[in-house]
Amino acid sequence: MIITTVCLGVILAGCTSNNKSLESNEKSQAGSETLSQSTTNESSIKTTDKANLSEIKVTVEEAIKAYEEAYPNTAITSLDLDTSFGSYYYEIQGVDDSKEYEVKINAATAKLTKEREETLDREEQNGVEKENKALDLKGLKSLEEASKIAQESAGQGEAVEWSLDRELSITYWEVKVRSGNDEISIKIDAQTGEVIEKEIED
């Protein structure tokens, strides 16, 4: 009887130990799967957020032409080229004597979407906003030329965002160059290519 009891005790203890070991392995495997899924998801998000520069198939001239066809007899007041959900888009704004317009153009497919159409404030109507904000689009430095000038001025890094804007009477490119964790914002005269301003953003 005593020997039988001892044997049963040893067998039960072994089963309990095996069960605990099995549970521990299952938890460990589940934890590894969760970590793997989390890492995969993060990697997927990073890949989605980062647009590929080779996707830019539409030139600035083509984007401007597409806007002007959508809204003839208006003046362009700003042009931006940056990423949205992992793809590059042009965002172009313009005005006439009474309204402000905005379009979005996919830089890979050239698909144009009319985003906004608003009446100007009374003090901006009758050509006032057009006179103050209209960009000079003659003899513009191309995207490639502006990028090269900005990257040379920064010393290193890659051009990732572009804006065409106006201050006083000067139409300028503002190019953001990314170098590691830093972004360098460089303003370039859109006609002459002269660097007007350089600012490092952490």
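**Close-up views of a predicted model**

View 1. The 12 residues of H4 should span 16 Å at 1.5 Å a residue, and the end C-alpha atoms of H4 are 16 Å apart, which agrees. The expected span is 1.5 Å times one less than the number of residues in the helix. Helices (H or I, at least four residues) and strands (E, at least two) are DSSP runs, numbered from the N terminus. This is a predicted model, in which local features need pLDDT of at least 70 and side-chain atom pairs count only at pLDDT 80 or more, while totals for chains, interfaces and linings use all residues. Residues are numbered from 1 along each chain as its sequence is written, and side-chain values use heavy atoms, with hydrogens and water left out. Leu143, Ala146, Ser147, Ala150 and Ala154 are the buried residues of H4. Seen down the axis of H4, these buried residues fall within an arc of 100°, so they line one face of the helix; the arc is that of the directions from the helix axis to the C-beta atoms. Glu144, Lys148 and Glu152 are exposed on the other side of H4. Buried denotes under 20% relative accessible area, exposed over 50%, and partly exposed in between (1.4 Å probe, protein chains only). The cover over the buried residues of H4 includes H2, E1, E2, E5, E6 and E7, where contact means heavy atoms within 4.5 Å. Just after H4, glycine 155 adopts a positive phi of about 95°.

**View 2. The largest nonpolar core.** This core has 33 residues, and those with the most contacts inside it are Leu79, Tyr90, Ile92, Trp162, Trp173 and Val175. At least two core residues come from each of helix H2 (60-70), strand E1 (75-84), strand E2 (87-95), strand E3 (99-106), helix H4 (143-154), strand E5 (158-167), strand E6 (170-179) and strand E7 (182-189). A nonpolar core is a set of buried Ala, Val, Leu, Ile, Met, Phe, Trp, Tyr and Cys residues joined through side-chain atoms within 4.5 Å.

**View 3. The salt bridge between glutamate 117 and lysine 99.** The side chains of glutamate 117 and lysine 99 form a salt bridge at 3.4 Å, N to O. The pair links distant parts of the chain, with glutamate 117 in strand E4 (residues 112-119) and lysine 99 in strand E3, 18 residues apart. A salt bridge places a side-chain nitrogen of Lys or Arg within 4 Å of a carboxyl oxygen of Asp or Glu. Glutamate 117 is partly exposed, at 45% relative accessible area, and lysine 99 is partly exposed at 30%. A search of the whole structure finds nine salt bridges.

View 4. Arginine 178 pairs with glutamate 183 in a salt bridge whose closest N and O atoms are 2.8 Å apart. Arginine 178 is partly exposed at 40% relative accessibility, whereas glutamate 183 is buried at 17%. Glutamate 197 and lysine 187 meet through their side chains in a salt bridge of 4.0 Å, N to O. Glutamate 197 lies in strand E8 (residues 195-201) and lysine 187 in strand E7, so this pair ties together parts that are 10 residues apart in sequence.

**View 5. Surroundings of lysine 114.** Lysine 114 lies in strand E4 and is exposed, with a relative accessible area of 51%. Not counting residues up to four places away in sequence, lysine 114 touches Ala70, Tyr71, Glu102 and Val103. The C-alpha atoms of lysine 114 and tyrosine 67 are separated by 9.3 Å, although these residues are 47 residues apart along the chain.
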